[in-house]
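Trainee: Please put the model up, and I will ask about its strands, salt bridges and surface.

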Amino acid sequence: MKTKISVIGIGPGATADMTERAKETLRNSNIIVGYKYYIPFILPFVTPSVEIVQNGMRQEQARIEKAFEIAESGRDVCVISSGDAGIYGMAPLVYEMLRKRGSDIEIEVIPGISAFQKAASLLGAPVGHDFCVISLSDLMTPWEVIEKRIKAAADADFVTTVYNPKSHGRFWELHRLKEIFLETRSKETPVGYVRQAGRDEERIVTTTLGEFDPEDVDMFTLVIIGNSQTYQFKNKIITPRGYYKNDTSDDIATGQNIMIKSFRTIEKELRNPDIPIDLKWLLLHAIHTTADFDMENIVKADRTAVEKIYHALTQGGVRTIITDVTMAASGIRKGALQRLGISVKCYLNDPKVLELSQKLGITRTQAGIRLAANEHPDALYVFGNAPTALIELCSLIRTGKAHPCGIIAAPVGFVHVCESKHMVKPFNEISKIIVEGRKGGSNLAATLVNAILCYPDATQLKPGRDV
């Protein structure tokens with residue numbers, strides 16, 4: 001009968017997380033070989049007469065050679081390995097040595113609960129969908145290869161578990177990993193890390209990729225980075241499998257999910273992503289609508305303009321938005337207006353507009369703004385087409401006939417367009433959003449309004465609530 005080497009995964013540390021099969025094998029063992037740090041974890045399950053052979057860190061080959069010497073002398077032996085013996089454990093080394101020695105010793109691998117599984121259970125359910133596991137230890141693998149694997153994991157949107165994130169000699173690699181992931185993942189991506197999972201010194205932290213501090217991690221820590229669908233709920237991290245993706249009651253419908261992915265793509269390509277969240281929120285909407293990254297150069301907003309306009313429309317008693325043309329009005333999301341109790345009005349087709357424009361020799365859009373200011377002097381005024389209408393509003397403000405809670409100045413064209421936008425700038429007491437130069441348009445003006453109406457979603461980078 002062949003002698004046998006049993007390679008036992010003893011779990012992450014807590015005796016409760018050790019499998020019954022592992023415990024039974026240990027009870028029946030006469031000789032156990034293992035790393036001295038792990039020996040105390042198995043002592044409750046071995047007989048007093050058991051022979052224990054132990055050595056220190058980085059002496060794995062010597063340990064397994066000793067196990068083979070014992071087995072080849074005719075005695076069964078157990079090799080212990082933390083977590084699961086086949087995941088960054090001793091099982092691969094045992095098989096490699098079996099091949100190298102040309103031995104006919106029987107090998108038995110007894111699986112265990114991996115440390116990443118234990119860490120994941122403590123964090124919630126972060127590995128609920130496709131995931132990968134990467135070690136940052138470059139003792140056996142060149143860093144160039146590790147970095148390629150990190151980039152592949154980030155690009156493929158894998159939930160990623162990081163083993164061996166730091167050591168006394170490896171202090172920068174985790175910083176580099178974070179840098180790589182931020183090239184393709186949102187700063188709001190959930191991140192969790194667990195130190196000494198299942199042991200007395202256990203520590204659990206949940207954060208985001210942007211806030212994650214690699215300096216808070218050591219060699220006894222496992223880090224788990226979520227994918228683009230991962231979210232935090234009640235201080236837990238969840239990566240959905242997708243069971244509810246077709247449920248119409250789900251928080252994220254298909255259209256909104258597409259928009260979220262688009263925004264995250266746009267954010268990665270911004271030349272300067274580290275700008276105030278309200279301006280970024282406007283830019284993401286503007287670029288999403290136009291596919292024009294020149295918006296970074298030309299969309300300007302007064303400090304806290306988005307927040308002030310949102311509060312005026314939702315808490316300050318203003319419940320009206322005035323647009324220069326009907327096309328701008330039609331682009332404002334009806335779901336958001338209904339949700340917030342706001343109405344949109346365009347006076348262009350009002351019967352009194354034609355009469356007034358003919359009588360005074362002004363454009364219909366100018367006449368429409370005059371009528372609007374008379375009835376709604378404090379509304380949010382939105383311009384996506386007619387510079388003459390914007391010029392008219394400026395005149396009404398200067399004469400005290402209008403005092404809007406905000407102005408979106410985005411008329412498009414070649415005649416009086418730039419001048420009309422310059423005219424708005426001196427009104428320091430009014431919150432303004434301006435698309436500089438000739439560019440603009442009703443669709444752009446409307447999307448800037450939509451950004452304001454869903455401003456509370458900006459910090460989570462979760463657009464499209466009302467799509």
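Trainee: Which residue stands opposite V33 in β4?

Mentor: This is a predicted model, in which local features need pLDDT of at least 70 and side-chain atom pairs count only at pLDDT 80 or more, while totals for chains, interfaces and linings use all residues. Residues are numbered from 1 along each chain as its sequence is written, and side-chain values use heavy atoms, with hydrogens and water left out. Strand β2 (residues 31–35) runs parallel to β4, and two bridges join them; strands pair if DSSP finds at least two bridges between them, and strands (E, at least two residues) and helices (H or I, at least four) are DSSP runs numbered from the N terminus. The residue in β4 opposite V33 is V79.

Trainee: In β4, which residue is the bridge partner of I5?

Mentor: β1 and β4 pair in the parallel sense, over five bridges. In β4, I5 has as its bridge partner V77.

Trainee: How many residues of strand β4 are buried?

Mentor: Buried means under 20% relative accessible area, exposed over 50%, and partly exposed in between (1.4 Å probe, protein chains only). V77, V79 and S81 point one way from β4, C78 and I80 point the other way, and all are buried. For strand β4 (residues 77–81) the count is therefore five of five.

Trainee: What is the handedness of the crossover from β7 to β8?

Mentor: Strand β7 (residues 131–135) pairs with strand β8 (residues 159–163) in the parallel sense, over five bridges. Between them the chain passes through helix α6 (residues 143–155), in a β-α-β crossover. A crossover is right-handed if, with the strands pointing away from the viewer, the path from the first strand over the helix to the second runs clockwise. This crossover is right-handed.

Trainee: How many disulfides does the rule count?

Mentor: A disulfide is taken as a pair of cysteine sulfur atoms within 2.5 Å. C78 counts as buried, at 5% relative accessibility, and C132 also counts as buried, at 18%. The number of disulfides by this rule is zero.

Trainee: How many residues apart in sequence are the parts that E108 and K4 tie together?

Mentor: A salt bridge is a side-chain nitrogen of Lys or Arg within 4 Å of a carboxyl oxygen of Asp or Glu, and the count by this rule is 23. In the one between E108 and K4, the closest N and O atoms are 3.4 Å apart. E108 lies in strand β5 (residues 106–110) and K4 in strand β1 (residues 4–9), so the pair ties together parts whose separation in sequence is 104 residues.

Trainee: Is R185 buried or exposed?

Mentor: R185 meets D157 in a salt bridge (3.5 Å, N to O). D157 is in the loop between α6 and β8, and R185 is in the loop between α7 (173–182) and β9 (190–195), 28 residues apart. D157 is partly exposed, with a relative accessible area of 25%. At a relative accessible area of 4%, R185 is buried.

Trainee: What accessible area does the nonpolar surface patch have?

Mentor: Such a patch joins nonpolar side chains (Val, Leu, Ile, Met, Phe, Trp, Tyr) within 5 Å, from residues with over 30% relative accessible area and no salt bridge, and like charges are joined within 9 Å. M219, in the loop between β10 (203–208) and β11 (221–225), is partly exposed at 34%. Accessible areas come from the Shrake-Rupley method with a 1.4 Å probe, and for residues only the protein chains shown count as cover. Together, Y37, M57, M219 and F220 have an accessible area of about 350 Å².
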